[in-house]
Structure formats: structure tokens, C-alpha cells
Amino acid sequence: MDITNSTVFIPGATSGIGLGLALRLQQAGSTVIVGGRRTELLETIAREHPGIHTARIDTTDPASIAAAFDDVTGRFPALDTLIAMAGIMQPEDLRDASFLEVAEATVTTNLLGPIRLVAAFEPFLETQPSATIMTVSSGLAFVPLPATPTYSATKAAIHSFSESLRVQLADTAVEVVELVPPAVQTSLMNQDELGMGMPLEEFLDETMALLAAQPSAPEVQVENVMFLRHAVARGTYDETLALLASRTH
Ligand SMILES: NC(=O)c1ccc[n+]([C@@H]2O[C@H](COP(=O)([O-])OP(=O)(O)OC[C@H]3O[C@@H](n4cnc5c(N)ncnc54)[C@H](OP(=O)(O)O)[C@@H]3O)[C@@H](O)[C@H]2O)c1
């Protein structure tokens, strides 16, 4: 991905990692369209950050994805990058009455959402001279957090999906990049209020440096995610799972 000269749509960028990455990519020279459901935030972002564009999208709704595709590609025919950022994370207790509702919503947003986005945007991206689909997994794709079983499972599925997608698109202009964040201080599951995980700006510094240094790397892995990403290869899976078993985030 060329961070200096891309036209990037980020569904899931009204806050957190998505918004941070949107601002960094714009600073680096790219044209950025921020997407999300909260229209008041979209309006505030457009007002506070001249040059950032916005588009309303609910990635759980196929009609909303189709409308956003028409809107964004109509206004930005040079669109060459999709970052499927939208995600939710909630505590999941299998024996709680709310479990199934949370689990189903998590699968719809975190797994079905990116799959539907890719299906909608990939044929268009293939027509560009070069293009990027960035998926967003997590260190929890590689060792699950037992407090969020469905969330962790959706992220493992996103990793697997990304690997296959990269193979299927190998002879096209579309590269597939998987962003693998560690815990980052955002409002995803109140990590920001609890001070849990990496400060967002540090995560963005390292991520942008990696994207600049290795524009064709298949995965973006900051240092803090290595203990999860490579637990199996390092032979530390069991002890890492035991560590995560004692955590809520
Ligand atoms: N923070 C971490 O520790 C961490 C670690 C690993 C991976 N990640 C992943 O990073 C991504 C971003 O999370 P974050 O930490 O930045 O959390 P966040 O601040 O809560 O951001 C989540 C974003 O997703 C959007 N979103 C949620 N549901 C949506 C839907 N149905 N349609 C459209 N947009 C939707 C939200 O916008 P609206 O509410 O306006 O729609 C928001 O912009 C997620 O995929 C998350 O799983 C985060």
C-alpha cells in the first residue's frame, strides 16, 4: 500500500484506530473517506479535519454497504484502498442470558461485515492499476481471550479469510494486507478508560512506520503483538492462553 498517494475508504473510522489511521494517511498524502454509523461524529470529523471526507455506512446491513459503494465510488472514482475496520467487542459469558445475542452481533459485524465489504468493493478495486484490501484481525486471532470467545473466533476467521483472499487475488492488481493490532487504548471495550493496552498514538506511529518501510508486507505486526502472533511458532501457546485466561481485556 502506498500511504502517500492512495484513495482510501475506511468503514469503521468514526473513532479509535480507524479515525487515527485515517488522519495519519491523510497527513501522509492520501485521500481518505471515513465511514461509520454515527452521523453526528461523521459531521464533527468533517468539520474538524478539513480534507477528510465522510460516508455513512452500517456494515451489518447489505443495503447500506451497496449504497455506500455507489456513493464512495461515484464521488471518488480513483478509490483504490478499502480498510475493513468496523468491529465490536463485548464481554461474553456463555452462561449469561445475553450470550447468544452478543455472539450473533459479533459475527455479523466482525466477520460477515468484512466479507460483504470485500464482495462489494473487490470487483471495482480490481479495475484500478494497483489496489489494496486491508483486513483488521487482532493478536487474539492467534491466542484467544477466553472472556471474548466469539470476538476472538471472528478475528481468527478474518486471518484465515485474508490468507485465502491473498492467494485468490495473487494474479490481480489487488494486494491483501492484514492489520494485526495488539490491545490498543480505544473505546472498543473501554480500554481507553482503563488504560489497558498500547496508547493509540504509539500504535499509529509504529503502524505507519511499518507501512512506509514495508509497503508490500502481507501483515502489519507491531512489536506488542508478537507474543500473541507468534505464540505457536515460539512454543509459548499454552502459557500465553493461561495468561489471557486471567484477563478481562
Ligand atoms: N483496540 C484494540 O485493542 C483492538 C485490538 C485488536 C483489533 N482491534 C480491531 O480494530 C478495529 C477498530 O476498533 P477500535 O479499537 O478502533 O474500536 P472503536 O473505537 O470502538 O472503533 C470501532 C469503529 O467501528 C465502527 N463500527 C462498529 N460497528 C459498525 C457497523 N455496524 N457499521 C459501521 N461501522 C461500525 C464504529 O463506528 P460507528 O459506531 O460510528 O458505526 C467505530 O468507528 C476493530 O475491528 C477491532 O476489532 C482493536
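## Exercises on the ligand and its pocket

Helix 1, helix 4 (99-125), helix 5 and helix 8 (226-229) each give at least two residues to the lining of the largest pocket. Helices here are DSSP runs of H or I, at least four residues long, numbered from the N terminus. The model is predicted: local features need pLDDT of at least 70, side-chain atom pairs count only at pLDDT 80 or more, and totals for chains, interfaces and linings use all residues. Residues are numbered from 1 along each chain as its sequence is written, and side-chain values use heavy atoms, without hydrogens and water.

**Exercise 1.** Describe the largest pocket.

*Solution.* Start with the term. On a 1 Å grid over the protein atoms alone, a pocket is an open set of points where a 1.4 Å probe fits, with protein on both sides within 12 Å along at least five of seven lines; lining residues have an atom within 4 Å of a point. Next, the volume, which is the space filled by probe spheres set on the points: about 1,100 Å³. Then the lining: 47 residues, with Gly87, Met89, Tyr151, Thr186 and Leu188 closest to the centre. Last, the helices: helix 1 gives the most, with 3 residues.

**Exercise 2.** Find polar contacts of the ligand, taken as pairs of N or O atoms within 3.5 Å.

*Solution.* Take the ligand's nitrogen atoms. One is 2.9 Å from a side-chain N or O atom of aspartate 58. A backbone N or O atom of threonine 59 also lies 2.9 Å from a ligand nitrogen. Now take oxygen: a ligand oxygen is 3.5 Å from a polar backbone atom of alanine 13.

**Exercise 3.** How much of the ligand does the protein bury?

*Solution.* Alone, the ligand exposes 880 Å². The protein buries 96% of that.

Terms used:
Polar contact = N/O pair within 3.5 Å; in protein donor to acceptor, adjacent residues only side chain to side chain. Areas by Shrake-Rupley, 256 points an atom, 1.4 Å probe, with all protein chains shown as cover.
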